[in-house]
Amino acid sequence: VGVVGDVKSVLKEFSARVKPAKHAEWRAEIKGWEEKHPLQIKTGSDTLQPQFLIKELHRLTKGEAIVATGVGQHQMWSMQWYQARSPKNFLTSGGLGTMGFGFPAALGAKFANPDKIVVCIDGDGSFQMTMTELATAVHEKQKVIVIVINNYFLGMVRQWQELFYKKRYSGSNLTAKGGETERPGDFKVGEFDYVPNFGKIFDAYGLKSRRIFKNDEVEGALKEALAADKSFLIEAMISPEEKVFPMIPAGAGLDDIIVDMA
């Protein structure tokens, strides 16, 4: 059945005629899965864990900030660990794969909501797509907290290359040493120079930044960013081996979901 008309009036007519469906059984089944396979933060690591960082952001903002993301692992972690309390407070391009979406979206949200805390959670690859909008933020005096989760790689690409392509890393390594195909077994966060130095980029715009490496640095960095009067960068250096779960391999069914590598 084709319906031709002004979308606003047509949808209004539709909504008046459609009765909301009830999904109590389905919601109960989902809740059972969540209880059986809860999201967890692994302990015992010396490196910063992005899940912990986002969970702390949620705690300190009481889940009331507007959060925008780019595309990649950070996008998945943000969706999992920042449970927004209000509609339209979590802005992401979903499965469209729009790297660079996060910062312009966050900036637009700040223009529309000048009194709200606005945070862009981005990846080191995704942020580079549109970081020139820092000029807009400075020129228009708009504060956006930027959290760049930096794992020296295009993280989601690296995760797939490691799990499904026998660690044949191609085009995903963003260290200054170039596109190495193998990493030393004793790789340590901070061991390699990174291109670019995000802190210096923020400095060029007259903005402050802080680079963190461990979980016990998270609270202080977030409080500093929240108290700042201008846009502020937190560069969170994490292990390249950090992965997002659950995930479904390409071409596989929902029953083939990978919950963890353990």
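Start by selecting Val1, Val3, Val7, Leu11, Phe14 and Val18: together they form a nonpolar surface patch with about 670 Å² of accessible area. Patch members have over 30% relative accessible area and no salt bridge, and nonpolar side chains (Val, Leu, Ile, Met, Phe, Trp, Tyr) are joined within 5 Å; a salt bridge is a side-chain nitrogen of Lys or Arg within 4 Å of a carboxyl oxygen of Asp or Glu. Areas are Shrake-Rupley values with a 1.4 Å probe.

This is a predicted model, where local features need pLDDT of at least 70 and side-chain atom pairs count only at pLDDT 80 or more. Residues are numbered from 1 along each chain, and side-chain values use heavy atoms.

Now zoom in on Val7, in helix H1 (residues 7-17); helices are DSSP runs of H or I, at least four residues, and strands are runs of E, at least two. Val7 counts as exposed at 56% relative accessibility (buried is under 20%, exposed over 50%, partly exposed in between).

Next, head inside. The largest nonpolar core has 27 residues, and Phe103, Phe127 and Val144 are among those with the most contacts inside it (a core joins buried Ala, Val, Leu, Ile, Met, Phe, Trp, Tyr and Cys through side-chain atoms within 4.5 Å). Color helix H5 (102-112) and strand S4 (145-150), which are among the elements supplying at least two residues each; H5 gives the most, with five.

Select Val144: beyond its neighbours within four places in sequence, its contacts (heavy atoms within 4.5 Å) include Phe103, Leu107, Cys120 and Phe232. A second, separate core of 25 residues includes Tyr82, Ile121, Val218 and Ala225.

Finish at Val157 in helix H7 (residues 155-164), partly exposed at 38%.

Methods: Buried < 20%, exposed > 50% of the residue type's maximum accessible area, 1.4 Å probe, protein only. Patch = residues over 30% accessible without salt bridge, like charges linked within 9 Å, V, L, I, M, F, W, Y side chains within 5 Å.
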